[in-house]
Amino acid sequence: VSLMTSSSFYSQAYAYINRWNTIISLVDNSKGEDNIKALAKAEAKVLRAYDHFLVVNIYAKAYDPATAATDGGICIMDKFDLEAQPTKSTVKEVYDFILKDIDEAIPYLQEKPLDIYHPSLAFAYAFKAKIHLFKREIAEAKQAAERSLALNNQIFDLVNYTTQGGPNSVPVIAPNNPEVLSY
């Protein structure tokens, strides 16, 4: 008798990771401009990193520098392969993979993407700051946060929003919130 039930979050996160891997694996051989393909690959990499981050922080131990190299993590899915039989990586390996994806994506991401559904360069640096913060690498977190803030330092004006009637009067969708870096 199984005492565990399946998790729709776990399944959905890996479904998204598979989607990003499909783009990363196949976009180079598609038709189109090289700069658009590089952008698609970069956006997919930063989103793949984000989904791995969510999964590792829900289903594995928190990052502890003293034990991360031996703590059981999650399966890293780094390519589109329907026959893959992944094995569990350590928490450190997952975080290293996440940072590698972010660093590979940053040179190709746009400061002002097409819309909020495309991750911006500010998002990548903010996400990198969060990874370093979780790893307790404060200097690196500060540096990445400052890079993100240099690209987007806007905040949502809650005082003005309240005078407009708040959420009962004015719904704030993601594209209208300057604090949303990726939706």
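Is E104 buried or exposed, or does E104 count as partly exposed? I looked it up: at 29% relative accessibility, E104 counts as partly exposed. The scale I used calls a residue buried under 20% relative accessible area, exposed over 50% and partly exposed in between, with a 1.4 Å probe and protein chains only.

**Ground rules**

I am working with a predicted model, where local features need pLDDT of at least 70, side-chain atom pairs count only at pLDDT 80 or more, and totals for chains, interfaces and linings use all residues. Residues are numbered from 1 along each chain as its sequence is written, and side-chain values use heavy atoms, with hydrogens and water left out.

**Entry 1: the whole chain**

I found 6 helices and 2 strands in the chain. I took both from DSSP runs, numbered from the N terminus: helices are H or I with at least four residues, strands are E with at least two. Starting at the N terminus, I read the order as α-α-β-β-α-α-α-α. The C-alpha atoms fill a box of roughly 55 × 45 × 40 Å along the principal axes. The chain has 183 residues, and 38% of them count as buried. I also checked contacts (heavy atoms within 4.5 Å). Of those between residues at least 6 apart in sequence, 59% join residues at least 24 apart.

**Entry 2: helix α4**

How many residues of α4 are buried? I got 10 of its 14, so I noted the helix as mostly covered.

Then I looked at both ends. At the start, a side-chain oxygen of S120 comes within 3.4 Å of the backbone nitrogen of A122. After α4 comes R136, with a positive phi near 65°.

**Entry 3: salt bridges**

My search of the whole structure turned up 13 salt bridges. The cut-off is a side-chain nitrogen of Lys or Arg within 4 Å of a carboxyl oxygen of Asp or Glu.

I started with D28 and K41, whose side chains meet at 2.5 Å, N to O. D28 lies in the loop between α1 (8-26) and α2, while K41 is in helix α2, so this pair ties together parts that are 13 residues apart in sequence. D28 is partly exposed, with a relative accessible area of 44%. K41 is partly exposed as well, at 21%.

Back to E104: its side chain meets that of K100 in a salt bridge of 2.8 Å, N to O. Both residues lie in helix α3, 4 residues apart, about one turn of the helix. An α-helix has 3.6 residues a turn, so residues three or four places apart point the same way. K100 is partly exposed, with a relative accessible area of 47%.

In helix α5 I found E146 and K142, also 4 residues apart, about one turn. The closest N and O atoms of their salt bridge are 3.4 Å apart. E146 counts as partly exposed at 44% relative accessibility, whereas K142 counts as exposed at 53%. Elsewhere in my notes, salt bridges that share partners join K92, D96, K135 and E137 into one network.

Terms used: A polar contact is a pair of N or O atoms within 3.5 Å; within protein, one must be able to donate a hydrogen and the other to accept it, and residues adjacent in sequence count only if both atoms are side-chain atoms.
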